[in-house]
Amino acid sequence: MTTPGPIYVLNGPNLNLLGQRQPEVYGRDTLDDVVALCVETAAGFGRTVEARQSNHEGVLIDWVHEARTEASGVVVNPGGYTHTSVALRDALVTLEVPLVEVHISNVHAREEFRNHSYVSPVATGVIAGLGIAGYGLAIEYICRRG
Ligand code: CA2
């Protein structure tokens, strides 16, 4: 049997600032903590992670295109692009592997503009409001799904 490819963990704009601002909304964990959680969780299932963050829409889209052939699953927190980007959704819909959309905060309990996601309809599932634990749960789901 061939080894499954890495699970891509893609974080969008401003998530590089995690742990440095707005701890009341996003907590005190940093992006490095997110990556460590994903790597550890995946390792428990003998799987690997390719974690990246960008503040640029086109870069995220290029990574989704790469994931089409390289990834065994994708976890995405598109940040603000969740609520604006048809282009990112158009890329994500081409994936043939499980796709989990993660939000650290409960986007449904916040401003109305955060209640709508262009990504959710094309995701396998969505996790919101569980802090960075949502990333670990998303990885676990993908690993258990096989
Ligand atoms: O809750 C989430 O994970 C979000 O995807 C985060 C996005 C926001 O636009 C979405 O509505 C919900 C924003 C990420 C900004 O992250 C920061 C973290 C710390 C300090 C400043 C920004």
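The space that the ligand takes up is the largest pocket. A pocket here is worked out on a 1 Å grid over the protein atoms alone: it is an open set of points with protein on both sides within 12 Å along at least five of seven lines. A molecule sits in a pocket if more than half of its atoms lie within 2 Å of the pocket's grid points.

Before going on, the conditions. This is a predicted model, in which local features need pLDDT of at least 70, side-chain atom pairs count only at pLDDT 80 or more, and totals for chains, interfaces and linings use all residues. Residues are numbered from 1 along each chain as its sequence is written, and side-chain values use heavy atoms, with hydrogens and water left out.

Back to the ligand. How many residues surround the ligand? There are 17, and the closest are N77, H83, I104, S105 and R114; to be near, a residue must have a heavy atom within 4 Å of the molecule. By class, that shell holds 7 nonpolar, 8 polar and 2 charged residues. In this scheme Ala, Val, Leu, Ile, Met, Phe, Trp, Tyr, Cys and Pro are nonpolar, Asp, Glu, Lys and Arg are charged, and the others, Gly among them, are polar.

Now the polar contacts, meaning pairs of N or O atoms within 3.5 Å; within protein, one atom must be able to donate a hydrogen and the other to accept it, and residues adjacent in sequence count only if both atoms are side-chain atoms. An N or O atom in the side chain of S105 is 2.6 Å from a ligand oxygen. R114 places a polar side-chain atom 2.8 Å from a ligand oxygen. On its own the ligand has 500 Å² of accessible area, and the protein covers 94% of that. Those areas come from the Shrake-Rupley method with a 1.4 Å probe.

T41 sits in helix α2, residues 31-43; helices are DSSP runs of H or I with at least four residues, strands are runs of E with at least two, and both are numbered from the N terminus. Is T41 buried or exposed? It counts as buried, because its relative accessibility is 16%, and buried means under 20%, exposed over 50%, and partly exposed in between, with a 1.4 Å probe and protein chains only. A polar atom of the T41 side chain lies 2.7 Å from the backbone oxygen of L37.

S72 is in the loop between α3 and β3 (73-77). At 12% relative accessibility, S72 is buried as well. Its side chain makes a polar contact of 2.9 Å with the side chain of R47.

Two positions have a positive phi without being glycine. N14, in the loop between β1 (7-11) and α1 (23-26), has phi near 75° and is exposed at 52%. Q22 lies in the loop between β1 and α1; its phi is near 45°, and it is partly exposed at 40%.

Last, H56, in the loop between β2 (49-53) and α3 (57-70), is exposed at 51%. H56 and Y81 are 25 residues apart in sequence, and their C-alpha atoms are 9.6 Å apart.

Terms used
On a 1 Å grid over the protein atoms alone, a cavity is a set of points where a 1.4 Å probe fits but cannot get out, and a pocket is an open set with protein on both sides within 12 Å along at least five of seven lines; lining residues have an atom within 4 Å of a point.
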